[in-house]
Amino acid sequence: MRLRNIPRAEGVIQLHRAVIKRPEAQRGNWKQIFGNENPIYIEIGMGKGQFILEMARKYPAVNFIGIERYSSVLLRAIEKFDTEDFQELENVRFVCMDARSVEDVFAPKEVGQIYLNFSDPWPKARHAKRRLTSQEFLERYEKILADGGAVEFKTDNTELFNFSLEQVKEAGWTLKHYTYDLHHNEELNRGNVMTEYEEKFSSKGNPINKMIAVKK
Ligand code: SAM
């Protein structure tokens, strides 16, 4: 998602209490930001924030960090956070960064779970390394994930999903669950929190793929 550039986005983000401005400085100390020992779950490529905000509301004993590359998109998540429904949440923070640098921002084993939702497909083969489920990214995730930590990935793009299943296998991770039709899979769909893209694509009739892969 790349929204039209919004000139005020940078300024708003810099001043907002829920945005962590120098995330590298928190490496190894994220629990202090939240002031508790609860696990830290991150969403990479959060978009406008619907999923992470709903998750934070549903699971108050988990700390959530939403990562988004573009300030104009992050601005939308912050605007949602500032509404009556979410502004009281203490367990959510936002970071504006490219996920390629996750290892600079999180110490080994600092993250309990990683969510990837409707990640950009990068369809050209020469861009495969940019896909957030490529082996290059899985290697980064493996370092920051705690033992037993998992990546949960949803997409309507079956080509990207099949590529991701392959990558997980190649990387030696354990594929715990997968489905090509999440919304008709009673077990996996229980408690499912929908993202903006998930609502959009499933309302058009596209089946949603989901996998849960545990690091080796
Ligand atoms: N997750 C949301 C959803 O399901 O509705 C948004 C999906 S949108 C297609 C993908 C989002 O990931 C975009 O907002 C994009 O800017 C962000 N993104 C893509 N690559 C990224 C990266 N390397 N680091 C951080 N964010 C990234």
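**From the ligand shell to the sheet**

In this predicted model, helix α9 is the element that contributes the most to the shell around the ligand, supplying three residues. The shell comprises 21 residues in total, and those closest to the ligand are G45, G47, A99, T195 and Y197. Two elements, β2 (63-68) and α9 (196-203), each give two or more residues to this shell. Sorted by class, the residues around the ligand are nine nonpolar, five polar and seven charged.

The sheet may be considered next. Seven strands form an open sheet with mixed pairing, in the order β3-β2-β1-β4-β5-β7-β6. From one strand to the next, the twist averages 15 degrees. In general, the strands of a sheet pair through backbone hydrogen bonds, in either a parallel or an antiparallel manner. Strands β1 (residues 40-44) and β4 (residues 111-117) pair in the parallel sense, and four bridges join them. Within this pairing, I44 has L116 of β4 as its bridge partner.

Helix α4 touches β2 and β3, and its direction makes about 165 degrees with that of β3. Helix α7 (residues 158-170) also packs on the sheet, where it touches β5 (145-155), β6 and β7 (209-214). The direction of α7 makes about 15 degrees with that of β7.

The largest nonpolar core contains 46 residues, and the residues with the most contacts inside it are I42, L74, I78 and I114. Helix α4 (residues 71-81) provides the largest share of this core, namely six residues. For L74, once neighbours within four places in sequence are set aside, the contacts are I13, E68, F94 and C96.

Strand β5 contains E152. This residue counts as partly exposed because 18 other C-beta atoms lie within 10 Å, whereas 20 or more would be required for a buried residue. Apart from neighbours within four places in sequence, E152 is in contact with Q113, Y115 and I212. E152 and K210 are 58 residues apart along the chain, yet their C-alpha atoms are separated by 7.3 Å.

Most residues other than glycine have a negative phi. K109, however, has a positive phi near 65 degrees, and this residue is found in the loop between α5 (102-105) and β4. F118 likewise has a positive phi, near 55 degrees, and lies in the loop between β4 and α6 (135-144).

Are these two residues buried or exposed, or do they fall in between? K109 has 13 C-beta neighbours inside 10 Å and therefore counts as partly exposed. F118 has 22 such neighbours inside 10 Å and therefore counts as buried.

Terms used:
Residues are numbered from 1 along each chain as its sequence is written. This is a predicted model: local features need pLDDT of at least 70, side-chain atom pairs count only at pLDDT 80 or more; totals for chains, interfaces and linings use all residues. A residue is near a molecule or strand if its C-beta atom, placed from the backbone, lies within 6 Å of it. Ala, Val, Leu, Ile, Met, Phe, Trp, Tyr, Cys and Pro count as nonpolar, Asp, Glu, Lys and Arg as charged, and the others, Gly among them, as polar. A nonpolar core is a set of buried Ala, Val, Leu, Ile, Met, Phe, Trp, Tyr and Cys residues joined through C-beta atoms within 7 Å. A residue is buried if 20 or more other C-beta atoms lie within 10 Å of its own, exposed if 12 or fewer, and partly exposed in between; C-beta atoms are placed from the backbone. Two residues are in contact if their C-beta atoms, placed from the backbone, lie within 7 Å. Two strands pair if DSSP finds at least two bridges between them. Axes are lines fitted to C-alpha atoms, for helices over the stretch in contact, and angles run from 0 to 180 degrees between N-to-C directions.
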